[in-house]
Amino acid sequence: MKVAVKIWRANADTGDRALREYEVDAPEWVTLLDVLDIIKDRHDGTLAFRKSCRMMICGSCGMRMDGAAVLACKTRMYDIAQSGHVPVVSAMGNLPILKDLVVDMGPFWSKFRAVNPHLQPGYEEPPGGREFRISQERMNVIHKEALCINCGCCVSECNAMESDPDFLGPQALAKAMRFVGDPRDAGKVDRLELVNGKNGVWQCTRCYFCNERCPKGVDPRDAIAKLGAESINEGVDRDMGAKHAKWFVRSAMTTGWLRETELVPKTQGIVESIRQARFAIKLARVGKVPSPFPPHVAKDVKEARRLHELVEQQDRHGYAGIVQGEAALAKLAHGHHEGERDPYGPGSFPRPWLPGENGKARS
Amino acid sequence: MKKVAYYKGCLAALSAKELDSSTKALAPKVGLELEELESVTCCGAGDIHEAEPDFYLHLNARILSYASATGADTLLTVCNVCTLNLRQANWQLIGDAELRARVNVNLESVGVPAYERDVDVRHLLWELAEAEGYERLKLAAHKGLKGLKIAPFYGCQILRPSRVLGFEDPDRPSSLERIIEACGGEAVDYPAKLKCCGFPIIQAREETALGELVQPIEQAVDAGADAMVTPCPLCHLSLDAWQTKLKAVTGRDFRMPILHLSQLIGVAAGLPESELKFRRHVISVKPVLERLDA
């Protein structure tokens, strides 16, 4: 079959960028990576991209197709070619482009290293030199995080990192959770302190792009929530983000609804709240600062309070509260339920955002 | 009329009362009979999920249980964050009989009925973007929008994670565009319409949040939009209220009016200001309304 793709060629040394179209003859089973191989072999040997295993395990061929990060070796081309759509292939976002589809993974690896991605031994040795046995239930806690292949697809799409490149980001934080949840690791509290820094857990903006794009089902956003819950459970809760989250718990127990007006001083402290006074007055003028008195109390809120007392006595604290729901969520197939709608057909909007293209060059 | 259990959530009850009043005024015109849930609390907004996730699950199970008790099949939300939190908890309970049994024992021991009959959590956007809701919407929006250019802003948690939400293709959604056009407006396309508004971290990491917020507003302005519309009151709050902070950061005074979904349809359906409550917005909607009245 004929397969056509457009590729954003780029050269960091010269600053040149150009969108080039290629059409190749290819077998029906080809993946995007196969198509790139054919282009490089038979059409244009100057095309640069990374690859190694060709089977979704080495994590080398992360790139974007129509603006969404994918593993090239996991992306089948048959349906796309048949639909007549010509996808645009480009380098991943949030990382500097070196050439064509190759990005500099340096910033990625420095964040990866920053979370000490290795086991900190210190656990009690089993007697008699026996192996350290871990139940399946305990390993299930980090099952998803351990699937990560460091491809960078999540980092490519991270909205918080796009705004602040120093954010540790979904991959490094998911990796941190992989060790926080490991029963053999002795460094849990130190790790939680580390991910509670300025660029840690509480800088995640919950855009869920990482969960959406991860080709391995790691669900980094859920890993970040697990770190948050475990931090609060362990009393590592000085960050404004942790205080913000705790205020929601307090609100739900006392009035049932969020106590919005008190949220700012509870999160940011009194001094910062006063600094924000001018902004608050602007909001108050149009009724956006509801009076905390009399409090807006939900009917039967004592039920919520008693539920809180009850779950506190049960053993699903910290990340365990998230892990318990994972088996059920795993039953939901990835993707949506409207199979008939053609994502490339008429009436559909082109995938809009290609970082590095100033939001203008779209196909 | 389709009876639905209406869960308005915190913002529509407090700082975004205009969302609640416009939704209630619009509902009968688009064939929805709202039975408002009384004995419910906050869904946790993702924060309780990140602080005490087991409590999050129970709070949401309690909301689902009271929705089920109304006899309606649908729990209607008007907020992206409520939609994700409730749908996620719902899937966890539906997909795991053991977990559901444990939660139900806890619910019953505090006097809440067990969550037995499943309900489907659906956002107002989804009710109106297809099937009968969409047909009724087209009839209701008789006044039109005179071709106003409207920039749709989806917000994250109505699209992603798609396996929990699953209404439409998260990368090529079209529900808001369909509604804008059915109301007689012109949908403006711009890259950041699928991205994050920054709201979840607007207090804890304001600078990072503003760096996200500026993108959709700047792009909507540059694309020539007269107003933006969003199905999420949290996006609305950051786009509307925090927009005033962007002037200091960017030097540009955008003055982009931001409408709730129910307000946009409400305008096209000719609902009065007493229900739409545009006076509660930080950025004035007047320029848009004047163009419609001209």
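Predicted model: local features only at pLDDT ≥ 70, side-chain atom pairs only at ≥ 80, totals over all residues.
**View 1. Where chain B meets chain A.** Let's start with the whole contact, to which chain B brings 96 residues and chain A brings 92 residues. Together the two chains bury about 8,400 Å² between them, and carbon and sulfur atoms account for 57% of that area. On the chain B side, the residues that lose the most area to chain A are B:E50, B:R163 and B:Q203, which together make up 12% of what that side buries.

**View 2. Salt bridges and polar contacts between the chains.** Ten salt bridges are counted between chain B and chain A. One of them pairs B:R62 with A:E303, with the closest N and O atoms 2.9 Å apart. Polar contacts link 41 residue pairs between chain B and chain A. Helix 4 of chain B (residues 53-69) supplies eight residues, the largest share of the side of chain B that touches chain A. By type, that side of chain B has 40 nonpolar, 27 polar and 29 charged residues.

**View 3. The second largest pocket.** Now for an open space: the second largest pocket holds about 900 Å³. Its lining has 34 residues, and A:E137, A:N140, A:A320, A:V323 and A:Q324 are the closest to the centre. Both chains have helices that give two or more residues to this lining, among them helix 10 (220-233) of chain A and helix 6 (97-109) of chain B. Helix 16 of chain A gives the largest share, four residues.

**View 4. Residue types around the second largest pocket.** Look around the lining and you will find 14 charged, eleven nonpolar and nine polar residues.

How values were computed. Residues numbered from 1 in each chain as written. Chains lettered and ligands numbered in written order. Heavy atoms only, no water. 1 Å grid on protein atoms, 1.4 Å probe; cavity = no way out; pocket = protein on both sides within 12 Å on 5 of 7 lines; lining within 4 Å. Points joined across faces, edges and corners; volume = space filled by probe spheres on them. Nonpolar A, V, L, I, M, F, W, Y, C, P; charged D, E, K, R; others polar. Contact = heavy atoms within 4.5 Å. Buried area = accessible area lost by both parts, 1.4 Å probe. Salt bridge = Lys/Arg side-chain N within 4 Å of Asp/Glu carboxyl O. Polar contact = N/O pair within 3.5 Å; in protein donor to acceptor, adjacent residues only side chain to side chain.
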